[in-house]
Amino acid sequence: MNKDALNGLLESRRALIDPATLGLERPQRQGRRAAGLGVSQEQLDQIAGYAPGTYNRLVNGKITDPSFDLLRAYARPLSLTEQEWVAMCRFARSEDPTTHLHPRSGLEVPGMWADAVEGFRHMAYVTDQSYNLLAHNEPFADLFANRQPPPNMMEWMLLSEAARTTLTDWKTVWAPYVLPQLRGARAILPDDCVLAAIEQSVIADLECGPMYEERTTAQVHPDGQMRPLLHPLLGPGWANICAAEPLSSPNARLMIVMFYPGVGPSHVRRPHLHA
């Protein structure tokens, strides 16, 4: 635990929270416990549903192994951002949280990401946690009929007839590695109704269903993978896949697909970068 960093983060946020925004009256007493015009420690305990003095013990390092549930109970009324939530867990538990703080985190990303993907010369797109397509650039649109990308990339990769042609060797090279991504997403997002519906369609699919049940691979992302691709305009070639996550939107993802037409994998393989 980093007690000083945790105290600094939570106490600075507490001083900014007007009790009225939480349906409470401003504390009559001033000073440390009232954090100036902010919500009091006692009020935070009341909102979080913990015994009086719990918050004080937390920020003073007297709760040496606070649970994620306890941390979340205080993070929400303090209006922490996702980044602050990660910092809180690191300071309190020396590890990242297992789930995000806000319900819509992972379902939306800052609008600047639309501008960012337009700046790539390679195919690039952004999806939310459900693999719904949020933004893409023009080179990515070229991959699809009528230049209309599908609304959901996971559904397209696994269930679209077009994908089974575009994604060369779909049954042996693509599907066996995309299916574990779906399983991994379902494990961490069990309440995601979009992923649940895709999973049910996959199970019912004559080709995907048996492969999904095999559970022979456990790949949860395609970052660093090379796969064959049949581009409708550029012909056959190989794609290098880079995957990243917008840090403010857990489980959303940025995908960059670098396509090299008319070559084999040995021509596009790159050594690892290191200092």
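How many aromatic pairs does the structure hold? The structure holds five. Keep that count in mind during the tour, and remember that the model is predicted.

**Stop 1: an aromatic pair**

Select phenylalanine 144 and tryptophan 156. Their ring centres are 5.0 Å apart and the planes stand at 75 degrees, so this pair is edge-to-face. Buried or exposed, where does phenylalanine 144 fall? Phenylalanine 144 counts as buried, at 7% relative accessibility. Tryptophan 156 is buried as well, at 9%.

Together with Phe144 and Trp156 they form one aromatic cluster.

**Stop 2: a salt bridge**

Select glutamate 138 and arginine 147. They form a salt bridge, with the closest N and O atoms 2.7 Å apart. Glutamate 138 counts as exposed at 51% relative accessibility. Arginine 147 is partly exposed, with a relative accessible area of 36%. Next, pick Arg164, Lys171, Asp205 and Glu207. Salt bridges with shared partners join these four into one network. The count of salt bridges comes to 11.

**Stop 3: the sheet**

Colour the strands. What is the order of the five strands in the open sheet? The order is β2-β1-β5-β4-β3, and the pairing is antiparallel. β2 and β3 (226-231) stand at the edges with a single partner strand each, so one side of each has no neighbour in the sheet. On average, neighbouring strands are turned by 30 degrees against each other, direction ignored.

Zoom in on β1 (residues 123-127) and β2 (residues 133-136). Three bridges pair them in the antiparallel sense. Show threonine 127: its bridge partner in β2 is leucine 133. Five residues lie between the strands of this hairpin, and tyrosine 131 there takes a positive phi near 70 degrees. The charged end of arginine 253 sits over the tyrosine ring, 3.8 Å from its centre.

Move along to β4 (residues 235-244) and β5 (residues 253-261). Eight bridges pair these strands, again in the antiparallel sense. Tryptophan 238 has tyrosine 260 of β5 as its bridge partner. Then bring in helix α10 (residues 170-188). Helix α10 lies across β3 and β4, and runs at about 115 degrees to β3.

**Stop 4: arginine 93**

Select arginine 93 with phenylalanine 68 and aspartate 65. Arginine 93 lies over the face of phenylalanine 68, at 4.2 Å from the ring centre. The side chain of arginine 93 also meets that of aspartate 65 in a salt bridge (3.6 Å, N to O). Arginine 93 belongs to helix α5 (residues 82-93) and aspartate 65 to the loop between α3 and α4, so the bridge ties together parts 28 residues apart in sequence. Arginine 93 is partly exposed, with a relative accessible area of 22%. Aspartate 65 counts as exposed at 56%.

**Stop 5: towards the start of the chain**

Stay in the loop between α3 (54-59) and α4 (68-75) and pick glycine 61. Beyond its neighbours within four places in sequence, glycine 61 is in contact with Met1 and Lys3. Its C-alpha atom is separated by 8.1 Å from that of asparagine 2, 59 residues away along the chain.

End in helix α1 (residues 3-14), where arginine 14 and glutamate 11 lie three residues apart, about one turn of the helix. They form a salt bridge, the closest N and O atoms being 2.7 Å apart. Arginine 14 and glutamate 11 are both buried.

Definitions and conventions: Residues are numbered from 1 along each chain as its sequence is written. This is a predicted model: local features need pLDDT of at least 70, side-chain atom pairs count only at pLDDT 80 or more; totals for chains, interfaces and linings use all residues. Side-chain values use heavy atoms; hydrogens and water are left out. Two strands pair if DSSP finds at least two bridges between them. Helices (H or I, at least four residues) and strands (E, at least two) are DSSP runs, numbered from the N terminus. Axes are lines fitted to C-alpha atoms, for helices over the stretch in contact, and angles run from 0 to 180 degrees between N-to-C directions. Contact means heavy atoms within 4.5 Å. Rings of Phe, Tyr and Trp (its six-membered ring) pair if their centres lie within 6.5 Å; planes under 30 degrees apart count as stacked, over 60 as edge-to-face and the rest as tilted. Buried means under 20% relative accessible area, exposed over 50%, partly exposed in between (1.4 Å probe, protein chains only). A charge sits over a ring if NZ of Lys or CZ of Arg is within 6 Å of the ring centre and within 35 degrees of the ring normal.
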